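This report describes helix packing, pockets and cavities in the structure shown below.

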Amino acid sequence: MTTIVQKPGAQAVPPVGQAEKKKVRLSRSLILPALIFALVLTQIPFLVTIYFSMLNWNQLYPNEVGFNWFANYVTVFTGPDFLSSLGATVLITGSSVVLSLLFGLGFAILLDRKFPGQAIARTLLITPFLIMPAAAALIWKWSMLDANVGMVNFALTTLGLPPVAWNTDLPAVTIIMLLTWQFTPFMMLILLAGLQSQSKDVLEAASVDGSGPIRTFQWITLPHMRQYIEIATLLGSIMLLQVFDPIAIMTKGTGGTKTLSYLLYERAFIGLDVGQAAAFGVVTVFITILVATIALRTLFKVFMNGGDR
Amino acid sequence: MRRFKSGLTTTITWILVLLFFFPIAWMFMTAFKSEADAASIPPKFFFTPTLDQFQIVFDRGMGSFLLNSFTSSIASTLIVLLLAIPAAYALSIRPVKKVQDSLFFFISTRFMPVAASILPIFFILKFMGLLDNITALTFLYAAMNLPIAVWMMRSFFNEVPMEIIEAAQIDGANFRTELVKVVLPIVVPGIAAVALICFIFSWNEYFMALLLTTDTARTTPPFLASFVDGRGQFLAVLSAASTIAVLPVIIAGWAAQKQLVRGLAMGAVK
């Protein structure tokens, strides 16, 4: 009854209303399986994480499980680990994003012209992003950065520079180097797509009007590239915020590399304190949401401007 | 002068590209060395190639881990396609206000760190006796890839000309004919790209595989990570194992590189 009262229009023109209803029902039934699947496997566990975060639950003392409400959060925010870990996360994510963005822009500019072997060069460049992060971490740690047999030190000594004990003295630098190397292709691909979508007419007009390459880049290319740089930065930040593999494999959280995701792993699966780990998890999610909200807003603006029906 | 400048830029580009690619090239090379050659200083660029390291890698049981990786990656990709194709179809070709709202939900789950859900998943699987179970891992990988697949797929479906669909509808095609005979043939390349990207992400996944599997369901990344302990000479055998581990994905990625950029930017960039 209520539906009829609420929708007098539907009653007045029954065939259209019927068809419309059928359309809604079909659309809904098509999307529902995917929606339920995602809800059950990602969202419900998160709600359970929130519940866990209010428990006093250390796996070493299985008989003492009970509610302690916000005590875990108090520990998180007053303990020394959280702040230093947040600092490590910001440092590692921030430097990797900025460096890979710069390298990515450089490579995108170099590749945005016709030259012999252009397609092969592009193919080789994207490879670091494809390969298994675990394999990349191991190869960098042992084959590239090892103090004795690493190729980086071989290059340094060949150039007459002193060798560096990367893995022991500069763990944070090794992680940033690896992540920059892995994410440069990602940035490059997005920025290259941006460069190639520039209107050739505008560029030609600028050069006819006597604008040099640097001025053209500053006044025409950069403004055009803005939205691509934004997308690359935001997607890159979100992926890098969650990075776990190289830290677990290369440094085990030593030397200022204990990021939030590694700290959570350590608390839960080495320290066995489930309640506290869950609290770290919840806080990590809220930090990510903060970054992601900004990301989503930008992304939606881009999506709705083009390619939408 | 202009020609010289262009040649110089090309040369610089190639030097930088090769430097950037060097770690991977070096890994491929080292895989064919003996341990002594691999650890020699100065490094050997010319050596007698050997397949010994690959023999050792398979003797240490890498085969079963690779098989688990293939099973979970391929099966999870199939599940994703089964769920994402209808969803993307509804979102793009038959958009309805209420359904459109779920788009936001899909993209937001992609931004949810695994850290948010790993603890309950671990304990629920433990409780159900499903730790170290390849089926459980497969479903989790499907959930991990579903949002990005829906997004990508939607952007491919958006390119199907509306006139074709309308013409089919006027000809009296029902929904199934419309999807299978009219829309799907047009978006096949897009679906292939989505499948490859899902495969790549599942194949490379380390965190969940490390925590949720121990032995029978263990996949390649955690096996690789526990492969060396830093003692003795292991560079050549590690390179061989890594080469095998990255090869399927490199081939898949090179094949799909045109569509890759779009998938990685979640459809925001064409």
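In which hand, right-handed or left-handed, does α4(B) pass α7(B)? The crossing of α4(B) past α7(B) is right-handed. The model under discussion is a predicted one.

**Helix packing**

Helix α4 of chain B, formed by residues 62–92, packs against α7(B) at an angle of about 40 degrees, and their axes are 6 Å apart. Sorted by class, the residues in the contact of α4(B) with α7(B) comprise 20 nonpolar, six polar and one charged.

Helix α7 of chain B (residues 134–157) also packs against helix α9 of chain B (residues 175–204), here at an angle of about 140 degrees and with axes 9 Å apart. This angle makes α7(B) oblique to α9(B), since the roughly antiparallel class begins only over 145 degrees. The crossing of α7(B) past α9(B) is right-handed. On the α7(B) side, the contact is made by B:Y141, B:M144, B:N145, B:I148, B:A149, B:M152, B:M153, B:F156 and B:F157. On the α9(B) side, the residues include B:L179, B:V183, B:V187, B:G190, B:I191 and B:F201. The contact of α7(B) with α9(B) counts 17 nonpolar residues, three polar ones and no charged ones.

A further pair joins the two chains. From α6(A) the contact takes A:T123, A:I126, A:T127 and A:L130, while α12(B) provides B:V249, B:I250, B:G253 and B:W254.

| Helix pair | Angle between axes | Axis separation |
|---|---|---|
| α4(B) and α7(B) | about 40 degrees | 6 Å |
| α7(B) and α9(B) | about 140 degrees | 9 Å |

**Pockets**

The largest pocket has a volume of about 910 Å³. Its lining consists of 19 residues, and those nearest the centre are A:I109, A:D112, A:R113, A:L203 and A:P213. At least two lining residues of the largest pocket come from each of α5 (80–111), α10 (171–196), α11 (200–208) and α12 (213–241) of chain A, and likewise from α1 (2–30) of chain B. By class, the lining of the largest pocket holds six nonpolar, seven polar and six charged residues.

The second largest pocket has a volume of about 640 Å³. Of its 21 lining residues, A:W140, A:M177, A:W181, B:L19 and B:F20 are the closest to the centre. Two or more residues of this lining are given by each of α5, α7 (133–144), α8 (151–158) and α10 of chain A, together with α1 of chain B. The lining of the second largest pocket has 19 nonpolar and two polar residues, and no charged residues.

**Cavities**

How many cavities of 30 Å³ or more are there? The count comes to four. The second largest cavity holds about 50 Å³ of space. Its lining draws on A:S143, A:V149 and A:M151 from chain A, and on B:W26, B:T30, B:K33, B:A38, B:S40, B:P43 and B:L235 from chain B. By class, these lining residues are six nonpolar, three polar and one charged.

Note on methods. Residues are numbered from 1 along each chain as its sequence is written. Chains are lettered from A and ligands numbered from 1 in the order in which they are written. This is a predicted model: local features need pLDDT of at least 70, side-chain atom pairs count only at pLDDT 80 or more; totals for chains, interfaces and linings use all residues. Side-chain values use heavy atoms; hydrogens and water are left out. Axes are lines fitted to C-alpha atoms, for helices over the stretch in contact, and angles run from 0 to 180 degrees between N-to-C directions. Helices (H or I, at least four residues) and strands (E, at least two) are DSSP runs, numbered from the N terminus. Angles under 35 degrees count as roughly parallel, over 145 as roughly antiparallel, 65 to 115 as roughly perpendicular and the rest as oblique. A crossing is left-handed if the near helix is turned anticlockwise from the far one by less than a right angle, and right-handed if clockwise. Contact means heavy atoms within 4.5 Å. Ala, Val, Leu, Ile, Met, Phe, Trp, Tyr, Cys and Pro count as nonpolar, Asp, Glu, Lys and Arg as charged, and the others, Gly among them, as polar. On a 1 Å grid over the protein atoms alone, a cavity is a set of points where a 1.4 Å probe fits but cannot get out, and a pocket is an open set with protein on both sides within 12 Å along at least five of seven lines; lining residues have an atom within 4 Å of a point. Grid points are joined across faces, edges and corners, and a volume is the space filled by probe spheres set on the points.
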